[in-house]
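Me: Hi! Could you walk me through this protein with a few questions and answers?

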Amino acid sequence: MAVVFKRPDSLNDIPSHYCPGCTHGIVHRLVAECIDELGIAGKTIGVAPVGCAVLAYNYFAVDMLEAAHGRAPAVATGVKRARPDNFVFTYQGDGDLAAIGTAEIVHAATRGEKISVIFINNGIFGMTGGQMAPTTLPGVVTTTSPYGRDVSVNGNPIRMSEMLSTLDGPAYIARVSVHDVPNIVKAKAAIKKSFQTQLDGKGFSMVEVLSSCPTNWGMAPQEALDWLKNNMIPFYPLGVYKEVQD
């Protein structure tokens, strides 16, 4: 019987620590599929963050490093400069990348470091208890905004893809979502494009993935996906924000 669907070779067959309904697992699979299809597993080095994906090194069957909170772009920069023939990617959440790691991602992007960044935006600090993140939408209740995010006090959410696309260094920046199958297909295409951008030596690339967090949002998994579609996408429009042509 022909095999039509299987676990990617670059994804380890182990139990997941993610909460039921979490979409990190979907993105892990897409990353692994792209690594397999591009034939780069043997030269790939991933950098895991602090956050819900802190155990990413357990899941990907490639060489992995752990970085301090927010410092994955700095670690990846060092790895890529020391080993320019390797493929280097980071996998970061919004608390990691857009809060404590703001300086690292901005400066890696403006320098045009030849790394690929997978940025998971679920609008909340997941692992540490559901605090407000830089990407939390206005009015959303979190453990540190019990009356909802007040933009007059907390400021407006940061649109990372739009901000980084204004810099000269990035070669490819896109925002995608994984709330349904058609968008999962588009997300994979964007991740693969990001990876190919690095392989072609063009420079920094980032794919922002809108993701759900049923546990900290206090929602059932399907309800969370619907909330993402109806609330996050209007605020964070999907699409390619920068692409350097050949």
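Me: What percentage of the accessible surface of the protein chain belongs to carbon and sulfur atoms?
Reply: Keep in mind that this model is predicted. The accessible surface of the chain comes to about 10600 Å². The share of that surface belonging to carbon and sulfur atoms is 57%.

Me: How many helices and strands does the protein chain have?
Reply: Let's look at the secondary structure. Its helices come to 10, and its strands come to 7. So the pair to write down, by the DSSP runs used here, is 10 helices and 7 strands.

Me: Is Gln-198 buried or exposed, and why?
Reply: Gln-198 sits in helix H8, which covers residues 181-199. Its relative accessibility is 4%. A residue under 20% counts as buried, and therefore Gln-198 is buried.

Me: With which side chain does the side chain of Gln-198 make a polar contact?
Reply: Leaving aside residues up to four places away in sequence, Gln-198 touches several residues, among them Asn-86, Phe-87, Lys-114 and Lys-80. The polar contact is at 3.1 Å, and the partner is the side chain of Lys-80.

Key. Residues are numbered from 1 along each chain as its sequence is written. This is a predicted model: local features need pLDDT of at least 70, side-chain atom pairs count only at pLDDT 80 or more; totals for chains, interfaces and linings use all residues. Side-chain values use heavy atoms; hydrogens and water are left out. Helices (H or I, at least four residues) and strands (E, at least two) are DSSP runs, numbered from the N terminus. Accessible areas come from the Shrake-Rupley method with a 1.4 Å probe; for residues, only the protein chains shown count as cover. Buried means under 20% relative accessible area, exposed over 50%, partly exposed in between (1.4 Å probe, protein chains only). A polar contact is a pair of N or O atoms within 3.5 Å; within protein, one must be able to donate a hydrogen and the other to accept it, and residues adjacent in sequence count only if both atoms are side-chain atoms. Contact means heavy atoms within 4.5 Å.
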